[in-house]
Structures are given as C-alpha cells and as structure tokens.
Amino acid sequence: MRCLFTMFAEDVGLLPLESFTGLLRELRHKPDKFRPMAADLWRTMDKGGFSPALAEDLLHFNGGLFHNADALALTQPQIDLLLEAARADWRDVEPAIFGTLLENALDADERHRFGLHYTPRAYVERLVFPTVIEPLRADWDNVKAAALLLADSGRHTEALMEVQAFHHKLCTVTVLDPACGSANFLYVAMEHMKRLEGEVLEMRASLGERQDRLDIRGETVDPHQFLGLEKNPRAAVIAELVLWIGYLQWHFRTRGKTLPAQPVLRNFANIRHCDALLTWERQELQRDAQQRPVTHWDGKTLKVHPVTGERVPDETARVEQYRYIQPKTAPWPKADFIVGNPPFIAGKDLRTDLGDGYTEALWATYKDLPASADYVMYWWHRAAQAVASGRTRRFGFITTNSLNQVFSRRIVQAHLEGKTPLSLVYAVPDHPWADGSGAAAVRIAMTVAERGQGMGRLVEVVGERPTGQGDVAVDTRQTIGVIMADLRIGANVASAKSLRANDALCSPGVKLHGAGFMVTPEEARQLGLGYIPGLEKHIRSYLNGRDLTGKARGLMAIDLLGLSETDVLDRYSAVYQRIHDRVKPERDQNNRASYRDNWWIAGEPRKEFRPALKGLARYISTAETAKHRLFVFLDQSILPDNKLLNIASDDAFTLGVLSSHIHIVWALAAGGHLGQGNDPVYVKTRCFDPFPFPDCDHTTRQRIRDIAERIDRHRWRQKALHPELTLTAMYNVVEAIRAGRPLDDALRALNEQALGSTLADLHDQLDRVVAAAYGWPRDLDDEAILERVVALNRRRAAEEEAGHVRWLRPEYQAPDSVAVQGNLDIGDMVPLAAATARRPWPKMLPDQVGVLRWALASQTQPAQPEDLARLFTRAKRDRVAEVLQVMADLGQIRRVAPDQARYFF
C-alpha cells in the first residue's frame, strides 16, 4: 500500500515527477537494493526533508502510513510489475479498488469472517444518500432559503453568517462506519459532502466574502470527520489510505497545482482497529477436568475414511477454545450519522464462523437480543440505540433480506415501538447483491432510521439486469407511508400475534445432520428392508422441499428415534454399521453434545411434534422455500425433511383454507424471501401461528373440504400420469392462466399434461367459498385482505386472553375444552386518522423553512399560506407566505400557478 500511495503522490505532484518511477527503473537491475532504498524514501516522506534515495527535498507526509517504513525484499520480476504499475496514471484512481485488492488477497474464510465484501458504488450511494446526504441537503436548503430572505431584506451580514454557520456545521459533522472495511462508504460520504461544501463556498462568495477568507487553511470537510471501526488490521490501514487519497484528489481537482498544507497526511486516528461489538479483559484457554486444552475440529479439514472411502472430518485438525473474560459492549465514537455494510453471518452459523467462546461472550453481553439473530443485527441494534439516545441523527445499513424474518424483525419492531420510538425513513426490502463479477446468490435489504414517528420512502425493485461491470442495475418504484418492521407499507402484518388456536400443529420436518442417513431403495433392501421385521418403521420414504415441488430423488431415510444404540446393534446390525461408518465420524466432531452422544438419531428428530401425527393417515405439507406457495396432503409413511413445513391435520378444510388466496396473500406478506431467485419463505411463527382460520357453518366447511379434496386428487393423478410433471411446472401454468397471460408452446404443452385450466378453475371455486366463510367480498385487493386478517388476528387474540380459544383441531389440542363457535363481523375497518396537535412556530429562520417543508410534504393537496399557518402556534400568515415564495423561487417547492398562492411539495 505504501508503494501504491507513492505512485499516486508522484502523479499528483506531491513527489517530484518521475522520481519513484525512475527509482524503480534504476533498481530493476539491482533488486537487492530495493528494500533499503524504499525504506529510506519512506522514512524521509514520514518526516519530510532531503531524500538520499531520490536526491530531492520531500514534503512532510506523516499520517501514520510511513511510520513503519519497512519494505519487502523484491526480485527483478516483482520490481518489473511495480514499474509497470507506476507507468499508469494514478491521479484519478478510484479509491475503492484498494478494498478490492485486499478482498482478492484474502481467502474465502477470511473474507467471510471479517465481512470484507465488494460493494458496488451504486449500492453504496443508494444507502449513503438517504442516510447522510439527504438530511444535510435538507438543512442546506433551509439555510439557502433563509439567507435569500435575509439578503432580499438588506440584511447581508446576517445572511452570510447563516451560511458560515452551516459551513462550520458541515465541517464538524461526523460519519461512522462501525464495520468500515476499506472505507468505501466513508469515502463516498466524504466525496458528496465535499460537493455540498463547494456549493456552500460559492454562496459565501456570492454574498461578498473575500477570497482570502476562503483559502485552503480555512475550515474544510476532511478525513477527520469520517470514523471507522475495523477488525481486520490490513483493512484498517487501507481505510485511512482511501480517505486521504479521496481527499487529496478533491483538493487537486478544485485547487489545481496548489500543494496542501503540511503535514500532507495527518494522523487523526479516525480509523480504529478493534472489534465493533465486544471488548474483554483477557482470553483464557479452556481446559478440561484433566487440565488438557479443550479443542474442536477446525470445521474444514477433511480426510478419506479408511472403510467407506468418503471424505470425513479430520479429527487431528483441532482448534483450541478460548473463554472471553469479562466481555463488555465495545464503545462507539459519537457520530452524527452511522452507515455501512456489516458482516453477513446467519445466526445459525455464529458458532462455526466466530468460535464458541466469542459467540457465548456475544450472547452474554447482548442478552436483550435473540440468540438466533443474524450477526448484522447486533450492529443494527447498537446504531438504533445511538439514534434513540439522541447521540446520532440517522443510521443506515445494508443487511441480508432476512431482516424482515422473525428473529431480525423482532429487533426492528422493538425499536420502532420502544419507549423512544424510531421510524424507518427509507427502506429497500429486497435488492440483488453483486460480488464484483456479477450477481451473487444472496439478496440484501437497506434500511435507514431516525428518531420519532413519521413516514418513510419504501423502494421496491421491479426489474433487474446485469451491467457487465460487476453489479446489477435495478428499476424501482417508490411508495411513501409508514414503513413497518417487515419493511412494507400498509397493514401492520408484523404486529400479528401467535394464536393458541394453532398451537402444536405445525413443525418443520426432521433435520438429519448426516448424509449417511439417506439411502436409495436398493440400499434399503440391502440393509434388510422387506425381510427384517419392524425395519419398515425405521427406513421410510423421504422428501425435502425440492422433492415435493420438483422431481423427486426417490430417496429413503433411516429414522431410529426411540431406539437405543444397543437396540439398533441387536436388531438391525447392518443399519448400525452404516450409521457408524457414515454418520458417526462427522457427529464425533460436532460441537453440540446431544448430536455427538446420540449419533445414530437424526440431529433434530422433531420428537415433540410426532404425537400430533399419531393416528393420522395423512398430514399437510408445504415447501419452506418455493416459487409457488402450495399445500398438499402427504401419506403418514413419508418422513418429511427440515425444508418442509408440516401441519398435523388430515382435514381437507384446513388444506383448503391454507390453499386459498386469502392465506397465500398473508403468507407472502408475513414470510420472507430467500436466495438469488428471491423465492417466498413460509415461516411457521409468522405465517401459520398467527393466521386466523374462518369459523363458519358446517355446510360452508364441507364445501371447502370437497373442493380441496378435488384439488389434491387432481394434482397427484396428473403427476402419476405424467411422471416428469412437477408441481412447480403445474402451477406455472395455473399462475399464467389466472393472470390472463397468453400461453406459449411450452406452457400449452404443460397445460395439456396438468389439465391446468381445470386446476385453475378449482382454485377459483375454492377462493370464492373461503372468502364467503370469512364473510368477506371475493374481490378484495391484497392490501384489504391483509388489513382484515390483521384485524381478525387482533380480535382472536383478545378472545383468547378472555379464555375463548377457537381450536383448529380441538380433539388433539384441547380434548377437554368446550368449543367456541360464531362468526365475527369485522366491519369495514376504515383506519382513523390520528389527530395532529399544532406545533410551535420556530424562532430561527432555517427552522421555519424546515417545518414548512414538513408541513407541505404531509398535505394531500396544494396548500395556501393561511392553511399552513394554522398548523402552528404564533405563525403569521404573511411570514409563512414570504418563506413559501422564496422556497418556490429556489425550486424547493412548486406553485400551482403564477397567479395562485397555493403550493405543493
């Protein structure tokens, strides 16, 4: 990095022209001299003065970059590479490339652990603008309008003072990135703040301020305002370099060849190498009862199993475990704005990626956060606390789009509904991510929050296309309104509470934790299936989400729940040997004791859910993540995988309601989305548990049963007739037919196989009857459906608090309870507008501009000065009119017509 900065310094004139390039040209023939000569050059650059290496007087650089002037010994080919780089023009280099160089120098594990990932500039700006630049520009608009009003009334000195005061504020605003990597977000924020500063300086000059008051030694936006926390030591050094290169580039663009003041680089210590979440007194090596170091498998080193020939964990590749003593919340510097892209690590992967000791210290320190929360949500929580306390004005983060899923959503909702509530002023709930070479298989969300309760701007991606430059261009649409914790505007879906009526009926399937549990039918026969009595209970047909919606693999799974290790060995010795050889080596290295000790049983066998399935000939299932949200009956003999959500009911009424448009709309809004395909995710706690089923008469209930049975029979019949036909393909046709889209040749062929038109008609019938069961109109739009479901959930929750539970399957859930019947009329649910109290009229002129902008933005139609004046105490109509006219002259608001004093935002 010292070499790269030296090349930049040479090209912008901070070093003599061709000095470093000439030195490299000379040293390529004597490479053994490179190390001492480069070190001598950098020592001189650190202090300033005469450089024997260049035979030139040098500026005083300082700044920390050259405090350690050590250089690496290079070979001639390596010096030739440096020389080739030095011949390039580094004056306008994009500082973000330094982060890309670092990312490419790290292996995948390091990049993942430190969260160092390429962020395209367009994505950075998409977050930096609403977080930092828009509020600063809103302040500047207020000051411009105030200064113009003052100048027009002959108060030029006061007008200049307003602008000078804003410039001082701009030069003292601080921006923090608490996971700054190579400082891309800070650099972009600084660049746009420098652009804003240019406008401020122009206005100072236009108001008569002399040029000598605006020279380079005056107050200016510079790197000391941009603060970073970074765990990777190399990234922390690069971050400072990026900020200084960006600052110096701006200096030479605006000041020509005028040299900056010395020292050229200042050691502001604004980038701190530290952990952003935790501090601790010390780390202690964990020891067992015999005082031996506690270790576990490193999670990546494999070996070939001597019996099976498969790759299994290498038990000799061990990592020592440390305990973090007295962990505490890491302090963050005070900042006006917080912005960044913290590491993407799922909550389930924290132990694997961060280690047991660190993860346990994290959970112990942040006890108010759910342990399953993604790593990024710890940053979100800390930034939200800073805003709620008044220490920070706004914060904005990039997160994965799982932000609107259950554990992350709880954190967001807690801050939106807290004692000092926050509001989301900007949100992109679902956005493609790019890794520098194209779209990666992950989706992100962007959120910006500030203190108080107000409306925000929801930006939804409606089109995507690769640019060929390593990122993805998007088309968007914007909606203004109150943004909920689930990153949507409209019905407060996230507020819905779980209902006791649905208790104990829904669960994911088994989680094997060992591929050795899966067998083909032929392997099952070799293990004894078909001739060893009782084995049919323990080797069962097995389906995962893709098997259900796509082409099934035809696999079976070994299910030994209820048997001891000795039972398995005595009764099913071949099965025992298979699990011993193909599952136990992996389980032996698992950090969880229950997985190690019970190695012959599926990791998550769903022991608590199995009683709900007892006595049922079938149950309902849906793929957790799927393009189409569809529900089917599965035979009780089938063992469902963890990626299937299963409902313990054989009642076609339940299947029918779950398959209805009303429930599908709810599930799409309440659930999440996952992966590059952005497929909907069915989340038990948000989609099933809070959903209020209709409480209708027997006749309507039976009609729903009949149609649901027909739908289920239709699908399985057509699949049996056409083995290549999948449920996804079947519903591709149904979706096109119901949307009224013309069918192409491929869809027409599928329609013939699936009888898609008939299936679509059955779903239309089902939707009409389910809507009638609720007592709702059939033609409600999606938002109206969500409003009604939320309202019905609220009423059902209130009923349950009073002791009345409408059990979905009472004979299992509450065999001794008394059934509660009766339809509910939820009315038209017209939302009531909150009464707005009159606000005080500010004394300061910039603040008056600001409150009028707020007032106009909240109006649904153009407003007159007297209308707006009535919203404030002690606001005079003439003063309001004067401020509005100036705002219109500056283009900040619009006037209906030149002869009408009616304005809109």
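Here are some notes on a few parts of this structure, going element by element.

1. Before you start: this is a predicted model, where local features need pLDDT of at least 70 and side-chain atom pairs count only at pLDDT 80 or more, while totals for chains, interfaces and linings use all residues. Residues are numbered from 1 along each chain as its sequence is written, and side-chain values use heavy atoms, with hydrogens and water left out.

2. Five of its five residues are buried, so β4 is largely enclosed by the rest of the structure. Buried here means under 20% relative accessible area, exposed means over 50%, and partly exposed is in between, using a 1.4 Å probe and protein chains only. F226, G228 and E230 point one way from β4, and L227 and L229 point the other way.

3. Who are the partners of β4? Strand β3 (residues 175–177) runs parallel to β4 and is joined to it by three bridges; two strands pair if DSSP finds at least two bridges between them. V175 is the residue opposite F226. Strand β5 (residues 271–273) is also parallel to β4, again with three bridges, and H273 in β5 is the bridge partner of E230.

4. Now follow the chain from β4 to β5. Together with helix α10 (residues 233–255), these strands make a right-handed β-α-β unit. Right-handed means that, with the strands pointing away from the viewer, the path from the first strand over the helix to the second runs clockwise.

5. T220 is worth a click: you'll find T220 in the loop between α9 (184–206) and β4. Is T220 buried or exposed? With 18% relative accessibility, T220 counts as buried. Leaving aside neighbours within four places in sequence, T220 is in contact (heavy atoms within 4.5 Å) with C171, K194, E197, Q225 and Y247.

6. Elsewhere there is an open sheet of four strands, with antiparallel pairing and the order β20-β27-β24-β25. Its edge strands, each pairing on one side only, are β20 (506–508) and β25 (632–635). Inside this sheet, β24 (residues 618–623) and β27 (residues 644–647) are joined by four bridges, and A623 stands opposite L644. Helix α25 (residues 698–721) packs on the sheet and touches β24 and β25.

7. Next, a helix pair: α1 (residues 2–12) and α2 (residues 19–27) pack at about 125°, with their axes 8 Å apart. Axes are lines fitted to C-alpha atoms, for helices over the stretch in contact, and angles run from 0 to 180 degrees between N-to-C directions. That makes α1 oblique to α2; under 35 degrees counts as roughly parallel, over 145 as roughly antiparallel, 65 to 115 as roughly perpendicular and the rest as oblique. C3, T6, M7 and E10 in α1 meet S19, F20 and T21 in α2.

8. Last, look at α26 (residues 727–739) and α27 (residues 745–754), whose axes come within 9 Å and cross at roughly 110°. These two helices are therefore roughly perpendicular to each other. Residues in the contact include A729 and M730 from α26, and L747 and L750 from α27.
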